[in-house]
Amino acid sequence: MVRQKKEQRKDELLEAGLEVFAERGYYNTTTALIAEKAGISQSYVFRFFKTKEELFVAALDRAFERILQTFKDVEAEPEELVKDMVKAYENLSASHPNEIGLQVIGFSVTEESIRNSTRKGLLRIRNYTLEKLQSAGINNAEREVTTFLAIGILCNISSFIDLPELISGEQNK
């Protein structure tokens, strides 16, 4: 029971970290802000994570894992697969918007452990998506995956900076 409560607190802390990092960025976030959001003391944060960087990596890994699981949950006919994966990602983005922010922030942080986490997360998504498209018999699966990821990253940036014109083609008049 104590272990279960400890894991629950760690999950709450990670969710608070996702939210605060996505809102304030990596460099403008402190463990004190995350602790406040989670409703715990700052010293309690360090029971789970030795540094802010370690907490960010754990939150980023969680975000990438959610994305990967979202794609794994998609079952569709080959001609609908990419469209259904896009729809699943849009649904995830609506239910977990902080994942988008964390990915975009992860691209810009220079700490090596964060760069490694970003690389690893993107590579896992790329490799899984490639396997899924190849298994479905999608022609030019390599190209399709590259396009799929490029559009996804552009959509993330568009959402993060609140510039929907990047993906909609519409111009403000």
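Asp162 is exposed, with a relative accessible area of 64% (exposed means over 50% relative accessible area, buried under 20%, and partly exposed in between, with a 1.4 Å probe and protein chains only). The model is predicted, so local features need pLDDT of at least 70 and side-chain atom pairs count only at pLDDT 80 or more, while totals for chains, interfaces and linings use all residues. Residues are numbered from 1 along each chain as its sequence is written, and side-chain values use heavy atoms, with hydrogens and water left out.

Asp162 lies in the loop between helix 8 and helix 9 (165-168). Helices (H or I, at least four residues) and strands (E, at least two) are DSSP runs, numbered from the N terminus. Phi of Asp162 is near 55 degrees, a positive value in a residue that is not glycine. Asn140 sits in the loop between helix 7 and helix 8. Its relative accessibility is 46%, so Asn140 counts as partly exposed.

The protein contains 9 helices and 0 strands. Read along the sequence, the pattern is α-α-α-α-α-α-α-α-α. The C-alpha trace spans about 55 × 50 × 30 Å along its principal axes. Of the 173 residues, 36% count as buried. Contact means heavy atoms within 4.5 Å. Among contacts with a separation of 6 or more, 63% are between residues 24 or more positions apart.

Helix 6 (residues 97-108) holds Glu99. Glu99 is buried, at a relative accessible area of 3%. Leaving aside residues up to four places away in sequence, Glu99 touches Leu18, Ala63 and Arg66. Gln103 is also placed in helix 6. Gln103 is buried, with a relative accessible area of 4%. With the exclusion of residues up to four places away in sequence, Gln103 touches Leu60, Phe64, Ile67, Tyr89 and Asn156. Gln103 and Phe64 are 39 residues apart along the chain, yet their C-alpha atoms are separated by 8.1 Å.

How do helix 5 and helix 6 pack, and at what angle? The angle is about 95 degrees, and the axes are 4 Å apart. Axes are lines fitted to C-alpha atoms, for helices over the stretch in contact, and angles run from 0 to 180 degrees between N-to-C directions. That makes helix 5 roughly perpendicular to helix 6 (65 to 115 degrees; angles under 35 count as roughly parallel, over 145 as roughly antiparallel, and the rest as oblique). Helix 5 contributes Tyr89, Leu92, Ser93, Ala94 and Ser95 to the contact, and helix 6 contributes Pro97, Ile100 and Gln103. These residues divide into 5 nonpolar, 3 polar and no charged. Ala, Val, Leu, Ile, Met, Phe, Trp, Tyr, Cys and Pro count as nonpolar, Asp, Glu, Lys and Arg as charged, and the others, Gly among them, as polar.

Helix 6 also meets helix 8. Their axes come within 9 Å and cross at roughly 105 degrees. Helix 6 and helix 8 are therefore roughly perpendicular to each other. On the helix 6 side, the contact involves Ile100, Gly101, Gln103, Val104, Ile105 and Phe107; on the helix 8 side, Ile153, Asn156, Ile157, Ser159 and Phe160. By class, this contact has 7 nonpolar, 4 polar and no charged residues.

The largest pocket has a volume of about 500 Å³. Of its 25 lining residues, the closest to the centre are Tyr89, Ile151, Gly152, Cys155 and Asn156. On a 1 Å grid over the protein atoms alone, a pocket is an open set of points with protein on both sides within 12 Å along at least five of seven lines, whereas a cavity is a set where a 1.4 Å probe fits but cannot get out; lining residues have an atom within 4 Å of a point. Grid points are joined across faces, edges and corners, and a volume is the space filled by probe spheres set on the points. At least two lining residues come from each of helix 4 (52-72), helix 5 (81-95), helix 6, helix 7 (112-135) and helix 8 (141-160). Helix 8 supplies the largest share, 11 residues. The lining divides into 16 nonpolar, 7 polar and 2 charged residues.
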